[in-house]
Amino acid sequence: QVQLVESGGGLVQAGGSLRLSCAASGRTFNMYSMAWFRQAPGKEREFVAAIRSSASTSYAPSVTGRFTISRDNVKNTVYLQMNSLKPEDTAVYYCAARFGPIVSIATVDYWGQGTQVTVSS
């Protein structure tokens, strides 16, 4: 069982930055793929970024060049650095984990509780 706890959300003006953190329990964190998803009001949850145990990364086209996902296997933490934020980035951001590649929402094994990010125009 893996528990995920997100932090770092908040209110920021357009063009600003935030860094989200997701602390994971368990001894095998380095073997998990980690990802961030987001869900805006009235919309479906969508993929944002992922990082595999190998540290290879992938991003949604809408955030490529603005967001960076990283992991610290000593601290059992995954981060999402968000720069040049836009109002359309407003959503609840969820941390996700899987013992294997995360290729879709359906493949996620564990979810965090979510953290709200609000970008004002």
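Predicted model: local features only at pLDDT ≥ 70, side-chain atom pairs only at ≥ 80, totals over all residues.
In which loop is Ala55 found?

**Figure 1. Ala55 in the loop between β5 and β6.** The residue Ala55 belongs to the loop that lies between strand β5 (46-51) and strand β6 (57-59). Its phi angle is near 80 degrees, which is a positive value in a residue other than glycine.

**Figure 2. Asn76 in the loop between β7 and β8.** Asn76 is found in the loop between strand β7 (67-72) and strand β8 (77-82). Although Asn76 is not a glycine, its phi is positive, at about 55 degrees. Is Asn76 buried or exposed? The relative accessible area of Asn76 is 16%, so this residue is buried, the limit for a buried residue being under 20%.

Figure 3. A disulfide is a covalent bond between the sulfur atoms of two cysteines. How many disulfides does the count come to? The count comes to one disulfide. This disulfide joins Cys22 to Cys95, with an S to S distance of 2.1 Å. Cys22 lies in strand β3 (residues 18-24) and Cys95 in strand β9 (residues 91-98), so the pair ties together parts that are 73 residues apart in sequence. The angle about the S-S bond is -85 degrees, and the link of Cys22 and Cys95 is left-handed. Cys22 is buried, with a relative accessible area of 0%. Cys95 likewise counts as buried, at 0% relative accessibility.

**Figure 4. Ser7 and its contacts.** Ser7 is found in strand β1, which covers residues 4-7. Which residues does Ser7 touch, not counting residues up to four places away in sequence? With those places left out, Ser7 touches Arg19, Leu20, Ser21 and Thr115. A further pair to examine in this view is Ser7 and Tyr79, which are 72 residues apart along the chain. The C-alpha atoms of Ser7 and Tyr79 are separated by 9.6 Å. Ser7 has a relative accessibility of 39% and therefore counts as partly exposed.

**Figure 5. The protein chain as the setting of the close-up views.** The protein chain has 11 strands and zero helices. Read along the sequence, its pattern is accordingly written β-β-β-β-β-β-β-β-β-β-β. Along the principal axes, the C-alpha atoms fill a box of roughly 40 × 25 × 25 Å. Why does the radius of gyration of the protein chain agree with that of a compact globule? For 121 residues, a compact globule would have a radius of gyration near 14 Å, and the protein chain has 13 Å, which agrees.

Figure 6. Of the 121 residues in the protein chain, 43% are buried. Among contacts between residues at least 6 apart in sequence, 57% join residues at least 24 apart. The accessible surface of the protein chain comes to about 6,300 Å², and carbon and sulfur atoms account for 49% of this surface.

Definitions and conventions:
Residues numbered from 1 in each chain as written. Heavy atoms only, no water. Helix = DSSP H or I, 4+ residues; strand = E, 2+ residues; numbered from the N terminus. Rg over C-alpha atoms; globule rule 2.2 N^0.38 Å. Buried < 20%, exposed > 50% of the residue type's maximum accessible area, 1.4 Å probe, protein only. Contact = heavy atoms within 4.5 Å. Areas by Shrake-Rupley, 256 points an atom, 1.4 Å probe, with all protein chains shown as cover. Disulfide = S-S within 2.5 Å.
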